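Work through the exercises below with the sequence and the structure at hand. Each task is followed by a stepwise solution.

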Amino acid sequence: MKFLAALTFVSACLAPAAALKREISPRRVANEDRKIPGDSPLELCPGDHDGDLVTIDSVDLVPNPPKPGQELVIKAKGTVREEIEKGSYVLLTVKYGLIRLISTKADLCEQINNVDLECPVKPGVLEVEKSVDIPAEIPPGKYTVLADVYNSEDVQITCLTATVSFARGGKSIFDNGLFSNEL
């Protein structure tokens with residue numbers, strides 16, 4: 001359950017830690033590359049994001065991918081275009097493979113308290129760094145998170161998705177010697 005809380009935390013808290021620029025980036029125009037800059041599995045959801053109230057400049061996870069039983073450091077940077085007020089919310093879905101584990105509506109202002117922010121979040125540049133412990137008992141498999149974030153007037157703040165895979169024992173297939181450089 002702690003892992004799901006960590007995934008929820010990452011997804012729900014990145015929007016206020018993010019940025020919205022008034023200019024339109026080529027990434028947003030083409031909408032071909034939805035990857036969020038930085039070392040993380042985060043992407044923008046499919047669709048047009050020019051009207052989003054925030055744009056995420058970068059997100060870094062250390063380590064990436066997260067490892068069971070280890071600390072995860074989340075660093076995010078960006079700028080908020082419009083104030084984020086109480087009543088903002090995140091529609092959160094977490095799947096384990098094809099199985100939906102969580103489908104909920106969470107109060108964004110309660111979630112951002114976890115990164116030492118509080119509502120209202122004023123427009124401007126924000127940088128957030130937070131450490132969370134990932135439990136060692138995470139079942140191996142593929143986890144997919146979708147966080148669709150809205151303000152109190154139902155205007156989209158942002159929409160993010162990420163997929164993280166855990167192998168048995170917290171190792172990836174690249175850690176077990178199957179893909180060694182040795183001959």
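**Exercise 1.** Find the sulfur-sulfur distance in the disulfide of Cys45 and Cys159, and state how the bond is placed in the chain.

Solution. 
1. The sulfur atoms of Cys45 and Cys159 are 2.0 Å apart; a disulfide is a pair of cysteine sulfur atoms within 2.5 Å.
2. Cys45 is in the loop between strand E1 (43-44) and E2, and Cys159 is in strand E8 (residues 156-166), so the bond ties together parts 114 residues apart in sequence. Strands (E, at least two residues) and helices (H or I, at least four) are DSSP runs numbered from the N terminus.
3. The torsion about the S-S bond is about -70°, so this disulfide is left-handed.
4. Cys45 is buried at a relative accessible area of 5%, and Cys159 is buried at 6%. Buried means under 20% relative accessible area, exposed over 50%, and partly exposed in between (1.4 Å probe, protein chains only).

The model is predicted: local features need pLDDT of at least 70, side-chain atom pairs count only at pLDDT 80 or more, and totals for chains, interfaces and linings use all residues. Residues are numbered from 1 along each chain as its sequence is written, and side-chain values use heavy atoms, with hydrogens and water left out.

**Exercise 2.** What is the strand order of the open sheet of three strands, and which strands stand at the edges?

Solution. 
1. The order is E2-E3-E6, with antiparallel pairing; two strands pair if DSSP finds at least two bridges between them.
2. E2 (54-62) and E6 (124-133) are the edge strands; each has a single partner, so one side of each lacks a neighbour in the sheet.
3. E2 and E3 (residues 71-80) are joined by eight bridges. In one of them, Val59 has Ala76 in E3 as its bridge partner.

**Exercise 3.** Place Val80 in the fold.

Solution. 
1. Val80 is in strand E3.
2. Its relative accessibility is 2%, so Val80 counts as buried.
3. The C-alpha atoms of Val80 and Val54 are separated by 5.1 Å, although these residues are 26 apart along the chain.
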